[in-house]
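Here is a friendly walk through one protein model, from a patch on its surface to the sheets inside the fold. Please keep the viewer open as you read.

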Amino acid sequence: MTAVNPPQKDVAKTGTIFGDIDVRADAIDRVHRPSPEDFKRDYVYKRKPAIITGLMDSWPAMEKWGFDYFRTHFGDLDIHANIQKLDSKLILGHVGKFQPMKLGALLDDIENNTDPDRAHYLRAFPVHRMIDHYPGLADDYDLLDLVPNWADIRHPAQWKTGTKNPARLLGLFLAKTFLNRGSNKPAPRSTVSSRVAAVMFVGSKGTVTPFHSDGMQTAAYLNQVVGRKRCYFVSPDQHARLYPRKFRRQFGMAQVDYRRPDLERTPLFRDVVVEETILNPGETLYVPSGYWHAIEAMDASISYSHQIVNEDNALGWLTCIPERYLAQVYFKSQGGLRNVTGAKDWDDWA
Ligand SMILES: O=C(O)CCC(=O)C(=O)O
Ligand SMILES: [Fe+2]
């Protein structure tokens with residue numbers, strides 16, 4: 001196993017949910033409105049997570065979004081609510097039950113719940129479906145132009161690459177063309193190409209998204225509007241310690257429940273080094289391609305997230321496309337794959 005970079009900052013053993021696991025508190029940098037050049041150099045090309053502050057200051061969402069606003073505009077939206085039992089095993093693919101209901105009913109459940117071991121989540125709901133329902137939502141936030149995003153169809157990034165390698169150049173060109181053309185599925189007024197995800201998370205205190213790395217090697221911004229989230233990270237070179245399911249690049253699903261690991265069955269988890277931080281309202285988390293992360297809501301929470309493909313990860317993304325078909329055939333033969341949203345397969349979801 002490749003050695004893990006030594007910590008640059010204080011090492012704190014929290015001794016909380018991770019027991020003896022090495023958890024490095026405050027290991028994630030916070031940067032205030034960095035220049036695109038600095039951010040690319042220090043985080044994107046180094047594939048290092050970061051929290052960016054100040055990018056959402058002018059978003060109307062910061063004033064408007066809350067349960068009342070979602071009840072008013074999306075109360076009768078049909079959703080699948082993720083009901084999590086926090087005292088049971090939670091790994092990606094098994095994040096709890098999914099129950100069809102109206103979003104308004106989910107918000108009522110969140111507000112009326114008195115069981116601390118239960119959490120309710122609208123998990124990764126496609127934003128274009130919300131915009132279809134209430135177009136005004138699209139004016140509440142803006143995509144962030146800090147990192148070029150070839151999947152951004154509102155403000156397409158300029159084609160710019162330093163590479164002279166013809167194979168790489170061809171791959172990058174194909175990826176960009178493919179993304180810009182969107183897909184055969186309509187995503188009216190969506191903010192990103194429908195080949196990648198722009199998704200909303202609305203939930204109670206306590207929701208858990210277990211360790212995963214985002215599918216198809218995409219990077220992501222997680223923009224926190226309401227409430228705080230505790231975020232845990234594991235660097236990509238440690239993937240074996242999380243026991244990923246097959247097709248790791250494709251689906252990135254860890255099989256260890258980090259909240260109650262079975263160290264007899266998953267002994268390598270004992271050596272994992274976890275970086276931890278807290279994401280506050282108004283802050284944006286940058287999750288690099290391939291980086292493992294797990295997220296817990298510390299309060300009732302609303303977040304908007306979208307995926308990023310650019311020169312850094314476009315070849316990874318492109319090579320995942322054929323692999324994805326193989327993975328789907330494989331998981332179908334295994335009785336189906338439930339992804340983060342609980343949808344049976346990727347196509348039910350987007
Ligand atoms: O906030 C969450 O529950 C999960 C977010 C996430 O994994 C992402 O945006 O990539
Ligand atoms: Fe994620």
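Let us begin on the surface, where Trp159, Leu169, Leu170, Phe173 and Leu174 form a nonpolar patch with about 480 Å² of accessible area together. Areas come from the Shrake-Rupley method with a 1.4 Å probe, and for residues only the protein chains shown count as cover. Phenylalanine 173 lies in helix 6 (residues 166-180) and is partly exposed, with a relative accessible area of 48%. On this scale, buried means under 20%, exposed over 50%, and partly exposed in between.

This is a predicted model, in which local features need pLDDT of at least 70, side-chain atom pairs count only at pLDDT 80 or more, and totals for chains, interfaces and linings use all residues. Residues are numbered from 1 along each chain as its sequence is written, chains are lettered from A and ligands numbered from 1 in the order in which they are written, and side-chain values use heavy atoms, leaving out hydrogens and water.

Now to the sheets. Helices (H or I, at least four residues) and strands (E, at least two) are DSSP runs numbered from the N terminus, and two strands pair if DSSP finds at least two bridges between them. Nine strands make an open, mixed sheet in the order 2-3-12-9-14-7-6-4-5. Strand 2 (29-32) and strand 5 (97-102) each have a single partner strand, so one side of each is left without a neighbour in the sheet. From one strand to the next, the twist averages 25°, with angles from 0 to 180 degrees taken between N-to-C directions of lines fitted to C-alpha atoms.

A second open sheet, also mixed, has five strands in the order 1-11-10-13-8. Its edge strands are strand 1 (22-25) and strand 8 (208-212), and its twist averages 20° from one strand to the next. Within strand 11, six of the seven residues are buried.

| Strand pair | Sense | Bridges |
|---|---|---|
| Strand 3 (residues 50-53) and strand 12 (residues 283-287) | antiparallel | four |
| Strand 10 (residues 229-234) and strand 11 (residues 273-279) | antiparallel | five |
| Strand 1 and strand 11 | parallel | four |

How values were computed:
Patch = residues over 30% accessible without salt bridge, like charges linked within 9 Å, V, L, I, M, F, W, Y side chains within 5 Å. Salt bridge = Lys/Arg side-chain N within 4 Å of Asp/Glu carboxyl O. Buried < 20%, exposed > 50% of the residue type's maximum accessible area, 1.4 Å probe, protein only.
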